[in-house]
Amino acid sequence: MPEPTTTEPTTQAEWELLTKRAEAVVEQEAGDPSMFQPLMHECHVLLLDIGLLLARLNDERYTAEREWTRVRNVTMVRYIEHGATFARAQGDVAALDERKKADDLKVIFHHAEDTQKALQAKHYSLMNVNRGLQSAMYEGGRRNA
């Protein structure tokens, strides 16, 4: 789980809720064939939710990176008469908060991508096992008929 960040509370809270739900689904084992359909449905719903969150996080991340660049460049212009190295240093210091926000969003984004990949793997494995069970049941019923 990424460390607490300075991002929007709604995004952070929503991400924590989605993470808890996703971890529960990934760790849950469907020992009973009747559990496959509900578990596959929950994986599908979570994949859709995480996809929407990823899109929003990506927008927020690039907005934060643009703000970081803007603050850094504006500060550099103010101090350029003192030399380029000094201006860059002042720009970096002035943009620290924006840089932290962009980095925090990037951490959450990459964690969300990893969670999405784990959910997708779980969903595919459930679909394969379910397909095998249905095929075995169909073939078994056909032979006995």
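This is a short tour of a predicted model, moving from the whole chain to its core and then to its salt bridges.

**Whole chain.** Start with everything displayed as a cartoon. The protein chain has 4 helices and 0 strands, so coloring by element from the N terminus gives the order α-α-α-α. Switch to a surface: the accessible area of the protein chain is about 9,300 Å², and carbon and sulfur atoms account for 56% of that. Of the 145 residues, 31% count as buried. Among contacts in the chain with a separation of 6 or more, 78% are between residues 24 or more positions apart.

**The nonpolar core.** Next, select Leu 57 and Leu 119. In the largest nonpolar core, which has 23 residues, these two touch the most other members. Helices α1 (9–27), α2 (36–79) and α4 each supply at least two residues of this core. The most come from α2, which gives 11 residues. Keep Leu 57 selected and show its surroundings. Apart from neighbours within four places in sequence, Leu 57 is in contact with Thr 11, Leu 105, Ile 108, Phe 109 and Ala 112.

**Thr 115.** Move to helix α4 (residues 96–144) and pick Thr 115. Thr 115 counts as buried because its relative accessibility is 12%, and the cut-off is under 20%. Leaving out residues up to four places away in sequence, Thr 115 touches Trp 15, Ala 22 and Ile 50.

**Salt bridges.** The whole structure contains 10 salt bridges. Three of them can be visited in turn.

- Select Arg 61 and Glu 65, whose side chains meet in a salt bridge at 3.8 Å, N to O. The two are about one helical turn apart because they are 4 residues apart in helix α2. Arg 61 is buried at 10% relative accessibility, and Glu 65 is buried at 18%.
- Go on to Arg 99 and Asp 103, where the closest N and O atoms of the salt bridge are 3.2 Å apart. Both lie in helix α4, 4 residues apart, about one turn. Arg 99 is partly exposed at 37%, as is Asp 103 at 31%.
- Then select Lys 100 and Asp 104, which form a salt bridge at 3.0 Å, N to O.

How values were computed
Residues numbered from 1 in each chain as written. Predicted model: local features only at pLDDT ≥ 70, side-chain atom pairs only at ≥ 80, totals over all residues. Heavy atoms only, no water. Buried < 20%, exposed > 50% of the residue type's maximum accessible area, 1.4 Å probe, protein only. Contact = heavy atoms within 4.5 Å. Core = buried A, V, L, I, M, F, W, Y, C linked by side-chain atoms within 4.5 Å. Areas by Shrake-Rupley, 256 points an atom, 1.4 Å probe, with all protein chains shown as cover. Salt bridge = Lys/Arg side-chain N within 4 Å of Asp/Glu carboxyl O.
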